[in-house]
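Dear colleague,

Please find below the structure that I am handing over to you. My notes on it follow directly after the sequence and coordinates.

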Amino acid sequence: MGFKSLIVSSLYAISCGAIPAPNPLQAIQAAGPAAGITITKCSSPGMLALAYDDGPYQYTQKLADTLTAGGAKGTFFVTGTLYGCIYGQKTAVQNAYKAGHQIASHTWTHPQDFGSLSTADLTSQMQKLETALVNIIGVKPTYMRPPYLATGGNVLSTMKTLGYRVITDDIDSGDWNKNTPAQSEALFTSAGASGNGHIPLMHETYQTTVETLTPWLINWAKTNNLKLVTVAECLGDTIQGAYTNGTGNGASSC
Ligand SMILES: [Zn+2]
């Protein structure tokens, strides 16, 4: 029996036999990070997790296409209603999901007082978006970023109950605060490419972030040998781990 046929017959034996018990270490790694704990950066060096909040909006498709063309995977923390109803960008969200970008939660309405909400209101914020995402992409997310990065009050305990991994950031691009792309770029240059990978705070609702900062970051990552991965993947999770099954309701409007 040659080496190749040995492998083939071994695979055959495995596929026809009982499903082997998973290696415990692999099972833990595949489970990804714990829910309800604030995560600011990747768990390993050599990567960059480009992450965008507040969409979907008119630039969602262009951003997904720009990332894909650059060999990058990005993460979209989307809301239900902040920049118009999520169903208005249904196709762009579906396309981003199908292209392997991560779709994650940024709540239904993006409340200004997120850190002060009751557990019931926090749960409602998360579950309304879950229902919409099941309607749009067929699954619900297991990663979220709190509006205004608010992790106080009932936020972490509620997210733990709901099974959400809570992501903030370790570099604030400041695009929301009128930073120009050049000013944002200087923040990345200053932070440098060593150490565990960055999870930056950016917003897909600014044309300059999509059309100027993002291409610069794709190039910056290449120059520094950083792999451009989703937030889930930068935390040792799989892209499949970014989602779980949920229940839709057939709605197509907010
Ligand atoms: Zn936001």
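Strand E6 pairs with strand E5 (residues 75-78) in the parallel sense, over four bridges. Within this pairing, Phe 77 stands opposite Ala 104 of E6. Please bear in mind throughout that this is a predicted model.

As to the chain overall, the protein has nine helices and 14 strands. Of its 254 residues, 40% are buried. Among contacts with a separation of 6 or more, 79% are between residues 24 or more positions apart.

Two further strand pairings involve strand E12 (residues 200-203). Strand E4 pairs with E12 in the parallel sense over two bridges, and the bridge partner of Tyr 52 in E12 is Met 202. Strand E10 also runs parallel to E12 and is joined to it by two bridges; here Ile 171 stands opposite Pro 200 of E12.

I turn next to the helix packing. Two packed helices are described by the angle between their axes and the distance between the axes.

How do helices H3 and H4 pack, and at what angle? Helix H3 (residues 60-69) packs against helix H4 (residues 90-98) at an angle of about 15 degrees, with the two axes 9 Å apart. Angles under 35 degrees count as roughly parallel, and H3 and H4 are therefore roughly parallel to each other. Their crossing is left-handed. On the H3 side, the contact is formed by Thr 60, Gln 61 and Ala 64, which meet Ala 92, Val 93, Asn 95 and Ala 96 of H4. By class, the contact of H3 with H4 comprises four nonpolar and three polar residues, with no charged residues.

H7 passes H8 in a right-handed crossing. H7 contributes Pro 181, Ser 184, Glu 185 and Phe 188 to the contact, and H8 contributes Thr 208, Thr 212, Leu 213, Trp 216, Leu 217 and Trp 220. The residues of the contact of H7 with H8 divide into six nonpolar, three polar and one charged.

Gln 207 belongs to helix H8 (residues 207-223). Gln 207 is exposed, because 12 other C-beta atoms lie within 10 Å. Leu 162 belongs to helix H6 (residues 155-162). Leu 162 and Gly 36 are 126 residues apart in sequence, yet their C-alpha atoms are 8.5 Å apart in space. Leaving aside residues up to four places away in sequence, Leu 162 touches Thr 123 and Met 126. Leu 162 counts as partly exposed, because it has 19 C-beta neighbours inside 10 Å; the cut-off for a buried residue is 20 or more.

Most residues other than glycine have a negative phi, and most peptide bonds are trans.

- The peptide bond from Gly 55 to Pro 56 is cis, with omega near 0 degrees. Pro 56 is found in the loop between strand E4 (51-53) and H3.
- Tyr 148 has a positive phi, near 60 degrees, and is a residue other than glycine. Tyr 148 lies in the loop between strand E8 (143-144) and H6, and it is partly exposed, with 13 other C-beta atoms within 10 Å.
- Lys 178 has a positive phi of about 70 degrees, although it is not a glycine. Lys 178 is in the loop between strand E10 (171-172) and H7. Is Lys 178 buried or exposed? With 8 other C-beta atoms within 10 Å, Lys 178 is exposed.

With kind regards

Methods: Residues are numbered from 1 along each chain as its sequence is written. This is a predicted model: local features need pLDDT of at least 70, side-chain atom pairs count only at pLDDT 80 or more; totals for chains, interfaces and linings use all residues. Axes are lines fitted to C-alpha atoms, for helices over the stretch in contact, and angles run from 0 to 180 degrees between N-to-C directions. Angles under 35 degrees count as roughly parallel, over 145 as roughly antiparallel, 65 to 115 as roughly perpendicular and the rest as oblique. A crossing is left-handed if the near helix is turned anticlockwise from the far one by less than a right angle, and right-handed if clockwise. Two residues are in contact if their C-beta atoms, placed from the backbone, lie within 7 Å. Ala, Val, Leu, Ile, Met, Phe, Trp, Tyr, Cys and Pro count as nonpolar, Asp, Glu, Lys and Arg as charged, and the others, Gly among them, as polar. Two strands pair if DSSP finds at least two bridges between them.
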